[in-house]
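Dear colleague,

I am passing on the structure we spoke about, and my notes on it follow below. Please read them with the structure open beside you.

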Amino acid sequence: MIKYHPTQELLISHSGAQLPLSLSIAVSAHLEMCSECTTVTKKITAQQSALFEAQDVSNNVNFSSMLDKIFEHKPDLQVEPKKTAINRISVAGNNYQLPRAFSHFTDLKWSSFGAISRARVVKDTDNIRASLLHIDKNSAIPSHTHKGYELTLLLEGTFSDENGVYNKGDFIWLDNDLEHTPFTKTGCLCYAVQDAPLRFVSGISQALNPLGQLIY
Amino acid sequence: MIVRIAHNSTDITLNNTKFNSLDGEQLKINSWLKLVATKQDKQAFSELFKWFAPRIRAHGLQRFKQEALAMDLVQETMLLVWRKAVLFNADKGKASTWIYTIMRNYCFDMLRKKQTQKEDTISDDLWPVIEQQTPDDNNDHLQNRLLLSHLGSLSLQQKQVVEAIYLQEMTQQELATHLDLPLGTVKSRLRLAISKLKSKLEADLD
């Protein structure tokens with residue numbers, strides 16, 4: 001059961017194609033797993049479409065040659081069988097099938113640090129970075145805070161932190177200065193988007209601050 | 001599994017009526033797109049073009065602030081509409097929303113291209129409009145799940161009736177015999193259950 005969802009603002013921005021790629025991937029993958037948010041998003045898109053149609057437009061633009069160019073092409077006469085590019089990955093001895101939003105990323109390069117494996121997915125402009133993270137079972141990520149926000153979409157497995165237990169499909173948005181220590185009993189695969197490096201805060205794990213750079 | 005609730009004259013196919021009751025303009029747009037899809041009708045496409053081209057251009061100007069890019073967006077969106085019209089499925093929504101989503105997707109790819117200089121077409125993975133209009137009706141599926149999620153709000157007696165009739169596909173008479181109840185009791189329980197489900201779903205969709 002999914003308990004954590006994107007805010008309505010995020011759904012609106014996603015539906016309007018106004019999010020950076022890294023976040024749109026997260027929202028899209030969440031929608032694939034969450035029928036409630038899919039229903040809401042369909043309504044949002046219908047509203048955006050209505051607004052788009054209600055725009056004031058000038059009719060003084062000459063498009064005539066464009067129509068001729070379009071008619072040079074032949075329309076498809078039937079629905080072609082859908083090509084489904086399923087992106088299967090293998091990490092730390094586990095096999096997973098990624099959501100459709102990840103179909104494009106077939107060339108993931110994994111690097112490991114102890115129980116944590118990471119593959120960079122996108123590096124957007126504006127300093128946003130997104131990675132797939134795999135954490136082995138019975139492992140913790142040392143206590144850390146974020147300078148910016150951290151979005152975690154749980155793709156497989158479960159994990160918990162000071163705030164609760166998270167399940168597959170949960171869309172967990174943390175703003176800066178929130179300290180947490182995620183732990184996973186089952187092992188888990190997440191998609192994480194951050195806009196600034198992690199900072200490890202407690203005791204010896206401060207020595208791990210370079211790890212923040214790895215995960216980030 | 002498809003849960004169809006059509007009981008006496010109470011036909012609730014659980015769609016948001018606001019989206020389905022098309023006004024005259026939307027009906028015209030739907031029928032134009034259908035003509036393009038079934039007959040590759042150039043006249044109908046020209047009508048669509050006349051309606052959408054200035055709107056797509058205005059949207060493009062807003063997003064790109066450049067006339068040339070806005071015109072690209074018009075051309076590429078309308079070309080996709082022309083070529084892919086056969087994929088439009090009127091049961092899933094309005095033609096204008098379908099065209100809007102095609103524009104939205106192309107716009108996203110254009111913006112990506114501008115930022116990264118890469119020829120990515122990733123939008124179809126993020127918003128599967130064009131390729132995913134399969135006969136397998138995802139929409140029904142979602143509504144079924146939504147509907148099933150509300151079964152818990154019924155009383156045990158109501159739930160029993162709904163499940164027997166719509167999930168196990170028993171007739172009302174069979175169910176009455178099975179439960180050893182008068183047929184009228186089964187009917188009235190079903191009627192109450194359906195009106196309750198209907199109000200729950202309407203609350204979801206509002």
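**Cysteines and the contact between the chains**

Please keep in mind that this is a predicted model.

I began with the cysteines, and a search of the whole structure finds 0 disulfides over all chains. A:Cys34 is buried, its relative accessible area being 1%, and its closest cysteine sulfur, that of A:Cys37, lies 3.7 Å away, which is too far for a bond because a disulfide needs the two sulfur atoms within 2.5 Å. A:Cys190 is likewise counted as buried, at 3% relative accessibility, and the closest cysteine sulfur to its own, in A:Cys188, is 3.9 Å away, again too far for a bond.

I then turned to the place where the two chains meet, to which chain B gives 54 residues and chain A gives 48 residues. Between them the chains bury about 4900 Å², of which 63% is on carbon and sulfur atoms. On the side of chain B, B:Arg55, B:Tyr100 and B:Asp125 supply 12% of the area buried against chain A, more than any other three residues.

As for polar interactions, there are 16 residue pairs in polar contact across this interface, and the count of salt bridges between chain B and chain A is 1, formed by B:Lys84 with A:Asp76, whose closest N and O atoms are 3.0 Å apart. Several helices of chain B give two or more residues to the side that touches chain A, among them helix 2 (24-39) and helix 7 (138-150), while the largest share, 15 residues, comes from helix 3 of chain B. By class, that side of chain B has 26 nonpolar, 14 polar and 14 charged residues.

With best wishes

Terms used
Residues are numbered from 1 along each chain as its sequence is written. Chains are lettered from A and ligands numbered from 1 in the order in which they are written. This is a predicted model: local features need pLDDT of at least 70, side-chain atom pairs count only at pLDDT 80 or more; totals for chains, interfaces and linings use all residues. Side-chain values use heavy atoms; hydrogens and water are left out. Buried means under 20% relative accessible area, exposed over 50%, partly exposed in between (1.4 Å probe, protein chains only). Contact means heavy atoms within 4.5 Å. Buried area is the accessible area (1.4 Å probe) that two parts lose on being put together, summed over both. A salt bridge is a side-chain nitrogen of Lys or Arg within 4 Å of a carboxyl oxygen of Asp or Glu. A polar contact is a pair of N or O atoms within 3.5 Å; within protein, one must be able to donate a hydrogen and the other to accept it, and residues adjacent in sequence count only if both atoms are side-chain atoms. Helices (H or I, at least four residues) and strands (E, at least two) are DSSP runs, numbered from the N terminus. Ala, Val, Leu, Ile, Met, Phe, Trp, Tyr, Cys and Pro count as nonpolar, Asp, Glu, Lys and Arg as charged, and the others, Gly among them, as polar.
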